[in-house]
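The sequence and structure come first.

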Amino acid sequence: MKPKSRVVRKAKEAGFVIIFLAGIGVALGVLGVLLASLIVTAAPYLTPTLITNYANYQDPTRAGYAAAIAGTLWILSLTLIFSLPLGIGAAIYLEEYSHGGRISRILQAGVSNLAGVPSVVFGLLGLLVFVRGLHLGAVVLAGALTLTILVFPYVVITAREAIRAVPQSIRDAALAMGATKWQAIRRQVLPAAAPGLLTASILAAARTIGETAPLIVIGAVVLQTFLPYGPDSPFVALPVQIYAYIDLPGPEWQGVSAAGMIVLLLILFAFNAVAIVGRNRMQRMRW
Amino acid sequence: MLRSLVKRAAPKAVVPEPEVLQVPPPLTLVDVEDPAIESRNLSVWYARKHAIREVNLKIQRKGITAIIGPSGCGKSTYLRAINRMNDTIRNCRTTGQLLVESEDVYGPNVDPVLLRRKVGLIFQKPNPFPKTVYRNVAFGIQLHYRATKEELDRVVEAALRQANLWDEVKDRLDDSALGLSGGQQQRLCIARALAIHPEMLLMDEPCSALDPVATAKIEDLMFELKKVMTIVIVTHNMQQAARIADHTAFLYLGKLVEYNVTRELFERPTQELTENYITGRFG
């Protein structure tokens, strides 16, 4: 046998590390440029009135996002309240209870395909079923239900990964002591999977907060001058409001939009920070 | 579920049946009166693979019975059949009778959840829950009872003492069980099983992942435990079987080959196959 050259092996090692570093560098670089240009554009409009004023399409200095921020928080909380139990429940069924038969394979294929459906389609579905079919009207609840359907497959897929990552030996240990299947899941599998389940909720929140198209289709009100008062209130969400501002001519409106995007990102970061702190706490004790 | 099937069934892949080593009819040379566990024509299949073939075995109450045999001979499968842990494996089928305290555990009115409470199982690889030492031991109690803090404290301490672990962990009850050494983890698993007062303890190669000192501690523990409970241990370590077991059964290719008082089996094996195995000519 001819020995492999040590120099070539070392060179390959170094070469690939450079490629990998370049990959992460490009990603972070693009993100940095994006954030920087966003902040520069938004800077003149980052004032307290941005979050206290309502929509105003005449004077960019008085334009604000009050109704949109409140609407986004309403939709975000309701969507998470609906989608997390549903999605995690479906994941538990698929991972722990289904036997991999034909029905569960059809269910799995359904969930995966749902994840690939463009979001406008969910908007149309929401308009037909929730707004018109159930006569909810273009309200917070209809928006939240529509986005619930939209994020459901992501929650299912991520939660399944989290549950699957729990070693079989943990289930066996619980069952061998006379736990019922549900006791084993509730007391051992879910706590062990909790960090991954929080990842699922982070993904769901990110999707929910950023969705524009379905809410436009449902009929978010871009001229709303009051805070949403409940699930049955008309609403506007941040991305929809941003979209409405950016449609106006002139660089000042771009500034207002950029400022709105920063508010959007701050809300997302705040939510993710809470989830990540929670996840790190739980990760201290793992197998 | 598929993973678990693959994971557990794979090591039991078909062992080619060597022609010279055809399994003779089983030979039981010891008569156990009033057995705690008895199997009658017990067979277990994984899908089409016949893993346990009509095994008849009577297991002594308050003693240690060892099951030995080469890898893939079905000894773990037999052990897990006793507390119906094979139920969790898909495509696993069991026929024949398995009597625990004279009741067929595969009978119509048996709840495996209650059976497993009575018949504990210790796994090959220590598998403490990713929780504190205390919560590990308290888990079994909390499954079956509503207990106050004082009651729990008492049971946890008693179980840890019984498992000879109390002195080592009494100051670390609120630390992660995963920070314990391998041997301590295994004794913690035993304490966890003991906390719900099982009548029997099944041990599936409990020392194979441990060093000799930790192994000796577990063996000492088994000597103490056999005074109060029936223990069945699967081991591929013949010295261990010879050291601790009252009776030993030799399984090969899913069949019982020879069953005798341990000393007799090791000193005067009657079957050629047994002799070949214990002298290390195969296995």
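## Salt bridges and a buried helix

A:R164 counts as partly exposed because its relative accessibility is 31%. The model is predicted. A:E161, with a relative accessible area of 44%, is partly exposed. A:R164 and A:E161 form a salt bridge, their closest N and O atoms lying 3.7 Å apart. Both residues belong to helix α6 (residues 140–164) of chain A and are 3 residues apart, about one turn of the helix. Residues three or four places apart in an α-helix point the same way, because there are 3.6 residues a turn. A network of salt bridges links A:E95, A:R160, A:E161 and A:R164.

Over all chains, the structure holds 19 salt bridges.

| Salt bridge | N to O distance |
|---|---|
| B:R61 and B:D34 | 3.0 Å |
| B:E38 and B:R40 | 3.2 Å |

The pair B:R61 and B:D34 links distant parts of the chain, 27 residues apart. B:R61 is in the loop between β3 (49–59) and β4 (64–68) of chain B, and B:D34 in the loop between β1 (27–28) and β2 (37–46) of chain B. B:R61 is partly exposed at 27% relative accessibility, whereas B:D34 is exposed at 54%.

In the other pair, B:E38 is buried, with a relative accessible area of 13%, and B:R40 is partly exposed at 38% relative accessibility.

Helix α2 (residues 75–82) of chain B is mostly covered, with 8 of its 8 residues buried. Among them are B:K75, B:Y78 and B:R80. Just after α2(B), B:R84 has a positive phi of about 60 degrees.

Conventions: Residues are numbered from 1 along each chain as its sequence is written. Chains are lettered from A and ligands numbered from 1 in the order in which they are written. This is a predicted model: local features need pLDDT of at least 70, side-chain atom pairs count only at pLDDT 80 or more; totals for chains, interfaces and linings use all residues. Side-chain values use heavy atoms; hydrogens and water are left out. Buried means under 20% relative accessible area, exposed over 50%, partly exposed in between (1.4 Å probe, protein chains only). Helices (H or I, at least four residues) and strands (E, at least two) are DSSP runs, numbered from the N terminus. A salt bridge is a side-chain nitrogen of Lys or Arg within 4 Å of a carboxyl oxygen of Asp or Glu.
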